[in-house]
Amino acid sequence: MRIDIITLFPEMCEAVMSESIIGRARNKGVIDVRCHQLRDYALDKHKRVDDTTYGGGMGMLMKAEPIALCFEEIWKQTGDRPHFIYMSPKGQTLTQNRLRELSKLDNITILCGHYEGVDQRLIDEFVDEEISIGDYVLTGGELPALVLADSVSRLVPGVLSDDLCFSDESHFNGLLEYPQYTKPAVWRGIEVPEVLLSGHHANIEKWRHEKSLEETEKKRPDLFDRLKGEGIV
């Protein structure tokens, strides 16, 4: 998979995507992440990518043409049109199910917004979908873009050592993950649940499923009710 990030702060994005699991996957060539400085596509000597809004109002708006030029250059490099995502608080909230779908694509391009957002004409003509990571507003789109890039990358085959690394986690099957424990078996007088020490795999799996149900009902009753309505729990 190739992921292109259009941003005003490529160094910030590079720093995050070059570390840990994602960084190792990039070095192995499992994923290809490229961060593009939007100002390189500005049309004036001052490298401006924003301007005042028609109709008045506070703040500046990102101009359409530099973004379009950058995306078209990426498109030229990939050969096939990448799926273009704009990180926006107006977008659909990101879910694990959507991440699974996106992880099957060959190319995605992520636009990081700033200021008061992006000229609507660019969104209408180029953007395939708007995605939000929650009902709040940040100072820029880099952090949401990195959340998306990280979470979709780890689902690409070969990034994690084993599919169980993500298929056993919270949200993958609609439930929250069960509690987990490590050594020592007794910590400050608190013991690890006995079933986990039994070596009886069927009982352990049964316990984990029951605890996933309990965690989901307690911490995310909205998820639990939805799964219950679908007959899954």
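The cover over the buried residues of helix α8 includes α9 (221–229). Contact here means heavy atoms within 4.5 Å. Helices (H or I, at least four residues) and strands (E, at least two) are DSSP runs, numbered from the N terminus. The model is predicted, with local features requiring pLDDT of at least 70 and side-chain atom pairs counted only at pLDDT 80 or more, while totals for chains, interfaces and linings use all residues. Residues are numbered from 1 along each chain as its sequence is written, and side-chain values use heavy atoms, leaving out hydrogens and water.

Helix α8 itself spans residues 201–219. Its 19 residues reach 26 Å from first to last C-alpha, close to the expected 27 Å; the expected span is 1.5 Å times one less than the number of residues. Ile204, Trp207, Ser212, Glu215 and Thr216 of α8 are buried. These residues cover an arc of only 165 degrees around the axis and therefore lie on the same side of α8. The arc is that of the directions from the helix axis to the C-beta atoms. On the face turned away from this buried side, α8 carries the exposed residues Ala202 and Lys206. Buried means under 20% relative accessible area, exposed over 50%, and partly exposed in between (1.4 Å probe, protein chains only).

An open sheet of 5 strands is ordered β2-β1-β6-β5-β7, with parallel pairing. Its edge strands, β2 (32–37) and β7 (129–132), each pair on one side only. Neighbouring strands are turned by 35 degrees against each other on average, direction ignored. Strands count as paired if DSSP finds at least two bridges between them. Strand β5 (residues 83–93) pairs with β7 in the parallel sense over 5 bridges. Thr93 has Ser132 of β7 as its bridge partner.

Two helices lie across strands of this region. Helix α1 (residues 10–17) lies across β1 (2–7) and β2, at about 165 degrees to β2. Helix α6 (residues 142–153) lies across β1, β5, β6 (107–112) and β7, at about 175 degrees to β1. Axes are lines fitted to C-alpha atoms, for helices over the stretch in contact, and angles run from 0 to 180 degrees between N-to-C directions.

Arg48 lies in the loop between β2 and β3 (50–52). Arg48 counts as partly exposed because its relative accessibility is 36%. Neighbours within four places in sequence aside, Arg48 is in contact with Arg39, Ala42, Met60 and Lys63. Arg48 and Leu69 are 21 residues apart in sequence and 14 Å apart in space, C-alpha to C-alpha.
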